Amino acid sequence: MTTKVWGTDDLGRSVELVTLQHNLFEATVSDLGAVLVSLKVPDKGNRQRDVVLGYDTAAQYFNNYETYFGATVGRNANRIENSQVTIDGKTYLLEANEGQNCLHSGPNGYHTRRWEVKEKSASAVTFALFSPRLDQGFPGNLELTVTYKLTDEGLEITYTGLSDADTVFNPTNHSYFNLNGQGSGTITHHRLQLNASSFTPIADEKSIPTGEIRSVKGTPMDFIQPKEIGEAINDPWEQLQLAKGYDHNFAIDGVRGHLNPVARVEGDESGIVMTVLSTLPGVQFYTANFIQDEKGKDGAIYHSREGFCLETQYFPNAMNTSAFESPLLEKDVLTTLKTAYLFKGESHGNV
Ligand code: GLA
């Protein structure tokens with residue numbers, strides 16, 4: 001593990017880069033936003049490739065309200081309709097940042113916070129954050145941690161939350177992956193398998209789910225058998241047209257509370273295979289539809305569909321949708337959520 005000063009953010013705070021290593025894996029994270037800055041994994045020739053999109057400077061991550069590259073998103077990932085939630089009979093107003101709606105908890109996201117480094121070792125680091133009562137509008141003093149840990153298989157991200165009043169706890173990691181290496185072009189030829197027999201259709205281009213949980217059968221959303229991400233992405237089908245590609249929540253098949261398989265993705269050129277597992281019930285599959293000429297790391301310029309996100313989460317707008325499992329964190333109950341991004345290329349055995 002190495003630690004170095006990265007620079008200062010817009011508030012003049014000094015921020016660090018922490019690099020974790022284990023076997024041929026290397027992850028760099030920061031106490032600014034508990035963000036994942038790079039993730040290097042071995043390809044079929046055992047050459048390390050950085051498989052996440054990102055930026056070079058702390059200032060870019062601090063102002064990252066559009067792409068959320070690598071961000072730890074909280075308290076609530078994804079959208080809340082009309083920027084309000086009702087908890088224990090009381091309505092709390094959040095800050096709108098996408099029309100009337102609240103995306104990724106509004107303009108004061110956890111990606112702008114300086115987290116405390118609570119524990120660190122060669123292959124793991126735990127960041128802690130205190131989010132006071134009415135932070136972003138939510139009730140409850142919330143203590144949360146995020147742990148990044150490299151293992152023999154890849155990267156595990158574990159979240160814990162503890163609040164002194166009932167609140168919302170729905171964190172995610174917003175990394176954009178390109179398994180051929182960041183900055184290497186389109187991801188449309190990656191093969192994706194999604195362990196989801198249903199998804200939550202959106203009502204219109206504002207992307208709030210209708211509340212229906214619909215079968216993927218016979219639609220472009222069917223990734224039960226692996227297929228190229230781009231196979232149906234341009235189909236003249238309403239749901240894809242509304243979002244300009246994939247930007248939808250899928251309902252993960254599995255047993256609630258278990259670390260269930262979510263997805264398996266193969267880089268077409270690198271031989272890198274990523275499997276995703278999570279204890280969360282949903283995953284937002286997003287194909288970077290809104291990215292245009294975005295200046296990234298190491299001179300890369302990113303375009304639409306040059307990365308994909310698999311944001312594990314409670315379903316969007318679940319606090320206002322009775323059919324969706326609630327992301328309510330009960331007072332004084334310590335909750336642990338976990339998502340793993342594991343890599344098993346040709347060079348290191350089969351999945
Ligand atoms: C999520 C949303 C997308 C987009 C990105 C951030 O994935 O679903 O619509 O807003 O965040 O760019």
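View 1. A polar side-chain atom of His104 lies 2.9 Å from an oxygen atom of the ligand. A polar contact here is a pair of N or O atoms within 3.5 Å. The model is predicted: local features need pLDDT of at least 70, side-chain atom pairs count only at pLDDT 80 or more, and totals for chains, interfaces and linings use all residues. Residues are numbered from 1 along each chain as its sequence is written, and side-chain values use heavy atoms, leaving out hydrogens and water.

**View 2. His174 and Gln284 at the ligand.** His174 places a polar side-chain atom 2.8 Å from a ligand oxygen atom. For Gln284, a side-chain N or O atom is 3.2 Å from an oxygen atom of the ligand. The protein buries 95% of the 300 Å² that the ligand exposes when taken alone (Shrake-Rupley method, 1.4 Å probe).

**View 3. The largest pocket.** The ligand takes up the space of the largest pocket. A pocket is an open set of points on a 1 Å grid over the protein atoms alone, where a 1.4 Å probe fits, with protein on both sides within 12 Å along at least five of seven lines; lining residues have an atom within 4 Å of a point. The volume of the largest pocket is about 360 Å³. Its lining has 19 residues, with Glu66, Thr67, Leu103, Tyr286 and Phe290 nearest the centre.

How values were computed
Polar contact = N/O pair within 3.5 Å; in protein donor to acceptor, adjacent residues only side chain to side chain. Sits in = over half its atoms within 2 Å of the grid points. Points joined across faces, edges and corners; volume = space filled by probe spheres on them.
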